[in-house]
Amino acid sequence: MPLRNQNRAPLPSPNVKKEALSSIPFDKRRKETQGTGRRQVLSTVNRQDANSDVGSTEECGKVEFTKDEVLALLNERAKAGKFDTKGKIEQMTDIIKKLKVCVRWYQQVDETHVQDKENLSSSLQSAEKRYSDKELDAKTKEEELRATITEMKENIESLQEKLSKEKLSKLDAIENHRREKDCRVVAEKLQVSLREELDKVKEEKMAAKQKVTSLEDMYKRLQEYNTSLQQYNTKLQTDLEVAREAHTRAEKEKSSILENLTTLRGHSKSLQDQLASSRVSQDEAVKQKDSLLMEVNNLQSELQQVRDDRDRHVVQSQKLAGEILMYKESVGKSSHELDILIAKSGSLEETCSLQKERIKMLEQELAFAKEKLKMVDLSMSHTMTEFEEQKQCMHELQDRLADTERQLFEGELLRKKLHNTILELKGNIRVFCRVRPLLPDDGGRQEASVIAYPTSTESLGRGIDVVQSGNKHPFTFDKVFDHGASQEEVFFEISQLVQSALDGYKVCIFAYGQTGSGKTYTMMGRPETPEQKGLIPRSLEQIFKTSQSLSTQGWKYKMQVSMLEIYNESIRDLLSTSRTIAIESVRADSSTSGRQYTITHDVNGNTHVSDLTIVDVCSIGQISSLLQQAAQSRSVGKTHMNEQSSRSHFVFTLRISGVNESTEQQVQGVLNLIDLAGSERLSRSGATGDRLKETQAINKSLSALSDVIFALAKKEDHVPFRNSKLTYLLQPCLGGDSKTLMFVNISPDPSSTGESLCSLRFAARVNACEIGIPRRQTSAKLLDSRLSYG
Ligand SMILES: Nc1ncnc2c1ncn2[C@@H]1O[C@H](COP(=O)(O)OP(=O)(O)OP(=O)(O)O)[C@@H](O)[C@H]1O
């Protein structure tokens, strides 16, 4: 049977578990068992062939066969020789054994197969059931899938639409991308350049940071410097106060010394008078003594003579007495002779007594003369002592005088030093304000309502309040002179400044203000009336006086004067002898004189004006006549505001050159006194035509002046000196090393309040300026005998 089944499909191994078989699909199982099952069975038989006893039944149950093995077993024949029956039998037995095993195996396999078949049919059933279930499921799923597919198709369509859209958008995107790429390239380039820029900016930032740090350092340092400056300023202020006090003290000391000096001089004079009278009386006494001495000598010789006579007479009388005795002894002599002898002796005695009396008298006279001599001697020694005392006193007085003079000299030096220190501390540009009195032509007596002077301690004499439309505008200056201030009072305040010109400083005093505010009155005044003389004549008087008094200290001064006016930006020489041209014609043509009047400055900061007349002066009278000449030459125009209004800037210059013969010191000072043209606004002046041109030129030069002052105050690199003739001319005086004083003249007329405020505002700005430190111009030798302009 097994042989019939040899072509049957190989059977699964009995070891194969049912569950496993049931879970494997039928077709698959067949395929698998075809290959592997057979190989397994055959290999097992072969192994048994080699190692075990094939005949045992138990073992046969374990053997498995493949189809080929079974076929091979069936085709197996005994291989023993023809005559080897035994071998053949054995071989046949063996084959039979094997066949038996195989049959048994087949039986077992069959059983298993039946069993498997059952199992398989049941599992087939269940599988079929499952299959039908699954089929159902699959159908449902198919339905579902179909629906899904339809849906998907729809989806696909929509997706295709979308896709086409997407494609389009992709194209767009590609285009965009390309563009973006381009943009990116550009952006990258930009980025590179930006990066470079960023690097640069970073570098700049670093540099800026460093700069900021250094600036901060600098700022710190500047702050420190500022603090130190403030401290220094405070110290200077204190010093200024101390210097002021010392100055006041020095002034007081000077006046007391001067008083002392005057009394000492008086005392010395009376002592000298006394000394002279003592000398006369001493001479008289000496003469008297001489005559007395002569008298005494005469008396003594007379006395001697009388004494000699007396001695002679005594000898004679003794001789006579002896003779008498001899005569008495010799009685033989006659009584007549005796009488004669007695008479002789009597007369001799008489003569003798007379002579005795005379001697007595002479002795008395001599004693008296001696007494007188003694007295004369006494008075002479007294006179001599007195003389010596007076001599001593005179020496003392002379010493004191020299001492006082030295003190005076030192005081003068100290005064100069203190004055300069005060000026330096105050700044070299100062501003004084002067308000003129109301004039009959002014609007009325309303000064009090327009101008007021604060009385607080800090503003007293320095403050001025201007009231406009009920608003008070306060100003403070170095000094404010009210309408009552006299010319002398004003001059007193600037006298020290004028003095500086003699000390070798450049001094510049100018008057600024609207037309008719009192500039000319302040600067020139009325020279014919002593009390109304202005600053120019007073300054010149002081300079001449002081230069003369300084001659005792060895100073010799040389003075030169020039006067010019600047009219419509042209210079005119006011001292030119050829200047006979009428004012109007001069005004019409600025170059009538044919002179250039070019302004130049030399390296020493001195100014020269070519062709300008410079006159050597040595007396105040000479200067007065020059001032008169200049006043006549001056251009005077007329505006609605002032009948005598000056339409030009007047510049008076005094150049001083001093030499001290004892110290060989030299000084060169300049005094510039300037009466500026009126500063009124065009609208107010009502000027037209030539007057308008004048006013424009005046305003231009005044604004150039303010520009220069403010540029100097701000310490700007460029100072516009050349913007006007006036500023260029005054460059060395404004440029820092001179002492400058500005008078701002104010009219109290209520209708001038606007102009007054303009002037005061300008002056206040000038007052806030500090344009440098005055420098004294001293030298060992003069380079040029002709003095420079400024
Ligand atoms: N302090 C004063 N005391 C008395 N009179 C004065 C005083 N100041 C000015 N005056 C008078 O006021 C008038 C105008 O003054 P002044 O001519 O000096 O003005 P000004 O500013 O120089 O005018 P201008 O700009 O036209 O030259 C003059 O008559 C002058 O005498």
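Why does Thr515 count as buried? Select Thr515 and look around: 24 C-beta neighbours lie inside 10 Å, so Thr515 counts as buried. The cut-offs behind that word are these: a residue is buried with 20 or more other C-beta atoms within 10 Å of its own, exposed with 12 or fewer, and partly exposed in between, with C-beta atoms placed from the backbone.

Before moving on, a word about the model. It is a predicted one, in which local features need pLDDT of at least 70 and side-chain atom pairs count only at pLDDT 80 or more, while totals for chains, interfaces and linings use all residues. Residues are numbered from 1 along each chain as its sequence is written.

**Stop 1: the annotated loop and helix α9**

Thr515 sits in the loop between β6 (506-513) and α9 (519-523). Helices (H or I, at least four residues) and strands (E, at least two) are DSSP runs, numbered from the N terminus. Now widen the selection to Gly513, Gln514, Thr515, Gly516, Ser517, Gly518, Lys519 and Thr520, which the UniProt annotation "binding site" covers. UniProt positions follow the numbering used here, feature names are shortened, and annotations may be inferred rather than shown by experiment.

Next, pick Lys519, which belongs to helix α9. Lys519 is buried because 28 other C-beta atoms lie within 10 Å. Which residues does Lys519 contact, leaving aside its neighbours within four places in sequence? Show Ala511, Gly513, Asp675, Leu676 and Asn745. Contact here requires C-beta atoms, placed from the backbone, to lie within 7 Å.

**Stop 2**

Select residues 429-435, strand β1, where 7 of 7 residues are buried. Ile429, Val431, Cys433 and Val435 are on one side and Arg430, Phe432 and Arg434 on the other, and both faces are covered. In a regular strand the side chains alternate between the two faces of the sheet.

Two strands pair if DSSP finds at least two bridges between them. To find your place, look for Ile429 opposite Thr740 in β14. Then bring in strand β5 (residues 479-481), paired with β1 in the parallel sense over 3 bridges. Here Cys433 stands opposite Val480.

**Stop 3: the β2-β3-β4 sheet**

In the order β2-β3-β4, 3 strands form an open sheet with antiparallel pairing. β2 (451-452) and β4 (471-476) are at the edges, each with a single partner strand, so one side of each has no neighbour in the sheet. Strand β3 (residues 463-468) is joined to β4 by 6 bridges. Gln468 has Asn471 of β4 as its bridge partner. Helix α17 (residues 753-767) lies across β3 and β4, at about 145° to β3.

**Stop 4: a helix pair**

Select helix α8 (residues 487-502) and helix α10 (residues 535-549), which pack at about 50° with their axes 9 Å apart. Axes are lines fitted to C-alpha atoms, for helices over the stretch in contact, and angles run from 0 to 180 degrees between N-to-C directions. Residues making this contact include Val490, Phe491 and Ile494 of α8 and Leu535, Arg538 and Ser539 of α10.

**Zoom out**

Finally, show everything: the protein has 17 helices and 15 strands. Buried residues make up 25% of its 790 residues.

Methods: Contact = placed C-beta atoms within 7 Å.
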